Amino acid sequence: LDLGHALLTEDSVEATIERYRPRIRNVHVEGMRRGAHEHLPPWDSDYDVQAALTLLDEGGYEGPATLELSRGSHQAVELATRCARELSRFLPGPRAERG
């Protein structure tokens with residue numbers, strides 16, 4: 001599931017997660033503005049990235065989530081560092097550690 005593309009092509013990111021939850025095996029995370037196919041950092045988004053990742057976690061998703069930052073490749077180190085810092089605030093830890 002590509003969260004940004006879901007914003008562009010589906011009713012909502014959250015509804016898409018709910019609809020396809022049993023079939024989701026891989027998630028692409030990026031910011032996206034409605035009506036513009038431009039991969040942005042997660043914090044530059046018209047959908048709530050935190051809510052989408054929380055919904056996936058609450059549904060038991062344990063697969064990979066990869067950042068898709070193709071427009072920022074010239075700033076790869078800086079963007080990856082900031083993404084790790086920003087996303088770590090709400091990404092869940094391993095289920096075994098959460099008890």
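**Helix pairs and a buried histidine**

Trainee: Which residues of α2 meet which residues of α3?

Mentor: From α2, Val-13, Glu-14, Ile-17 and Glu-18 meet Ala-51, Ala-52, Leu-55 and Leu-56 of α3. Contact means heavy atoms within 4.5 Å.

Trainee: How many residues of each class are in the contact of α2 with α3?

Mentor: The contact of α2 with α3 has 6 nonpolar residues, 2 charged and no polar ones. Ala, Val, Leu, Ile, Met, Phe, Trp, Tyr, Cys and Pro count as nonpolar, Asp, Glu, Lys and Arg as charged, and the others, Gly among them, as polar.

Trainee: What am I looking at here, and how is it numbered?

Mentor: This is a predicted model, in which local features need pLDDT of at least 70 and side-chain atom pairs count only at pLDDT 80 or more, while totals for chains, interfaces and linings use all residues. Residues are numbered from 1 along each chain as its sequence is written, and side-chain values use heavy atoms, with hydrogens and water left out.

Trainee: How many helices and strands does the chain have?

Mentor: The chain has 5 helices and 4 strands, in the pattern α-α-β-β-β-α-β-α-α along the sequence. Helices (H or I, at least four residues) and strands (E, at least two) are DSSP runs, numbered from the N terminus.

Trainee: Back to the pair. At what angle do the axes of α2 and α3 cross?

Mentor: The axes of α2 and α3 (residues 49-58) cross at roughly 15 degrees and come within 10 Å. That makes α2 roughly parallel to α3. Angles under 35 degrees count as roughly parallel, over 145 as roughly antiparallel, 65 to 115 as roughly perpendicular and the rest as oblique. The axes are lines fitted to C-alpha atoms, for helices over the stretch in contact, with angles from 0 to 180 degrees between N-to-C directions.

Trainee: Which residues in α3 are buried?

Mentor: Val-49, Ala-52, Leu-53, Leu-55, Leu-56 and Asp-57 are buried in α3. Buried means under 20% relative accessible area, exposed over 50%, partly exposed in between (1.4 Å probe, protein chains only). Of the 99 residues of the chain, 34% count as buried.

Trainee: What is found at the start of α3?

Mentor: There, a side-chain oxygen of Asp-48 reaches to within 3.1 Å of the backbone nitrogen of Gln-50. After α3 comes Gly-60, with a positive phi near 90 degrees.

Trainee: Is Thr-16 buried or exposed?

Mentor: Thr-16 counts as buried because its relative accessibility is 2%. Thr-16 sits in α2 (residues 13-20), and a polar atom of its side chain lies 2.7 Å from the backbone oxygen of Ser-12. Leaving out residues up to four places away in sequence, Thr-16 touches Leu-1, Ala-6 and Glu-10.

Trainee: New topic. Where is His-39?

Mentor: His-39 is in strand β3 (residues 36-40). With a relative accessible area of 7%, His-39 is buried.

Trainee: Which side chains have a polar contact with that of His-39?

Mentor: The side chain of Glu-30 has a polar contact of 3.2 Å with that of His-39, and the side chain of His-37 has one of 3.1 Å. A polar contact is a pair of N or O atoms within 3.5 Å; within protein, one must be able to donate a hydrogen and the other to accept it, and residues adjacent in sequence count only if both atoms are side-chain atoms.
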